[in-house]
Amino acid sequence: MILIRLQLSSFRGYERLDLGFGPGITAVVGENAAGKTNLVEAIQFLSLARSFRTNDDAVLIQDGKNVAVIDATLSEGALTRNIRIELSKDAKRVYVNGKPIRRLSELSRLVNVIEFSPSDVSLFCGSPSERRSFLDISLSKQSLDYFRLISNYGRLLKQRNAVLKQTAPDLNLLDVLTDQMIEVEEFIVRYRNQYCDSLSHQLPGLLGRLRGAETEAELVYRPFVRGDADSFAKRAKKAYEASRESDLAHKTTSIGVHREDFSLKVHGVDIATHGSQGENRLAVLALKLCPYFLIEDEALKPILVLDDVTSELDAERVKNLMDLLREFQQAFVTTTQLSIEGATYVDVASNKAIRRN
């Protein structure tokens, strides 16, 4: 997948932008606060129709304007596709080849962008919800079935919590909803377990290349119930029965796939508790890059967006990263001054961008 052209109108600080791109590495160069992150944020927005920096779409609209527009042309093998996103204060509209899409979830299957930003450094040290979000987004991009499962689970969880919050909860309805959740959870756990196994096969090689040394790495998935897959429903039922009184007392569902987590062990040690910030940065970066190598169809390989990725990396590891990025179809890297051999350069100043070569 290649981003061929990007046009912005009243997006963040950009009054107007019109740039063409090609395969390989594009270095987005400029001083701090020049507008580099705004540019790559627009590229990332094409994948999920939401920003990695804010949950408030209104702040993406330039001050004094009513509508912001992201218009992009992308190639997927021999196929060319136009994506247009219009943001207003109270609405978000997405068009594919001029036709509106009904659900934003359709966009993630049409445009796949892998993004790394400075806030990701805390992925392993932060809350489990951040790690679950990584799994859910990555899996949803690869599997419509998983997206439907996680959406269905969210609906059932909301209903179960509503029952628990009643003054006199309907216990029969609670049992029905619990059984329905278990049916969905069984498949979600299978997907997550298989995906974490796939990531674990890729991680040692990628992390080793970034570190410049052979590395043992293992992603450890922690489902809310453990044991043989064939007895999942039985074990999950027992877990819910054990937590029932607590759930009724606290008026919320205390167990389930919405409480799961995973961790990363490097040479047998948990990176979150024993790794430096630089080591955590490399580990998160390796994890984020893994999904690219799990996609076999070359036409469907994701676009890579790396914002301020080289800070706190020494020269050797920056070189290792750039060598690795040359294997990607298309990668965008923001930097204040980094020189990247063979890269295309876009110079950014005061939210104006010019392609240098």
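This report walks through the sheets, the nonpolar cores and the salt bridges of a predicted model.

Six strands come together in an open sheet, and the order across it is 8-12-13-3-14-15. The pairing in this sheet is mixed. Strand 8 (113–116) and strand 15 (352–355) sit at the edges, and each has a single partner strand, so one side of each goes without a neighbour in the sheet. If you look at how the neighbouring strands are turned against each other, the average is 15°, direction ignored.

On one side, strand 3 (residues 24–29) pairs with strand 13 (residues 330–335) in the parallel sense, over six bridges. To find your way along that pairing, look for G24, whose bridge partner in strand 13 is Q330, and for I25, whose bridge partner there is A331. Strand 3 also pairs with strand 14 (residues 344–349), again in the parallel sense, this time over four bridges. Here V28 has V346 of strand 14 as its bridge partner. And is strand 3 mostly covered or mostly open? It is mostly covered, with five of its six residues buried.

Strand 9 and strand 10 (residues 261–266) run antiparallel and are joined by six bridges. Within that pairing, L219 stands opposite L264 of strand 10.

## The nonpolar cores

Now for the greasy parts. The largest nonpolar core has 71 residues, and the ones with the most contacts inside it are F124, L219, L264, L287 and L325. Which helix gives the largest share of this core? That is helix 5 (residues 171–211), which puts in 14 residues.

L325 is another one to click on. Leaving aside residues up to four places away in sequence, L325 touches I25, L304, L306 and V333.

Side chains of opposite charge can pair when their charged atoms come close. In this structure there are 22 salt bridges, and a few are worth a look.

Take R5 and D18, whose side chains meet in a salt bridge at 2.6 Å, N to O. This pair links distant parts of the chain: R5 is in strand 1 (residues 2–11) and D18 is in strand 2 (residues 14–20), 13 residues apart. R5 counts as partly exposed, with a relative accessible area of 36%. D18 is partly exposed as well, at 42%.

Next up is E41, whose side chain meets that of R12 in a salt bridge at 2.9 Å, N to O. Where do these two sit in the chain? E41 belongs to helix 1 (residues 36–48), while R12 is in the loop between strand 1 and strand 2, so to speak a link between distant parts of the chain, 29 residues apart. Are E41 and R12 buried or exposed? Both are buried.

R190 forms one with E186, and the closest N and O atoms are 3.1 Å apart. Both residues lie in helix 5, four residues apart, which is about one turn of the helix. R190 counts as partly exposed at 38% relative accessibility. E186 has a relative accessible area of 18%, so it falls under the 20% cut-off and is buried.

Finally, some salt bridges share partners, and through them R12, E41 and R53 are joined into one network. The buried pair of E41 and R12 is part of that network.

Technical notes
Residues are numbered from 1 along each chain as its sequence is written. This is a predicted model: local features need pLDDT of at least 70, side-chain atom pairs count only at pLDDT 80 or more; totals for chains, interfaces and linings use all residues. Side-chain values use heavy atoms; hydrogens and water are left out. Two strands pair if DSSP finds at least two bridges between them. Axes are lines fitted to C-alpha atoms, for helices over the stretch in contact, and angles run from 0 to 180 degrees between N-to-C directions. A nonpolar core is a set of buried Ala, Val, Leu, Ile, Met, Phe, Trp, Tyr and Cys residues joined through side-chain atoms within 4.5 Å. Buried means under 20% relative accessible area, exposed over 50%, partly exposed in between (1.4 Å probe, protein chains only). Contact means heavy atoms within 4.5 Å. A salt bridge is a side-chain nitrogen of Lys or Arg within 4 Å of a carboxyl oxygen of Asp or Glu.
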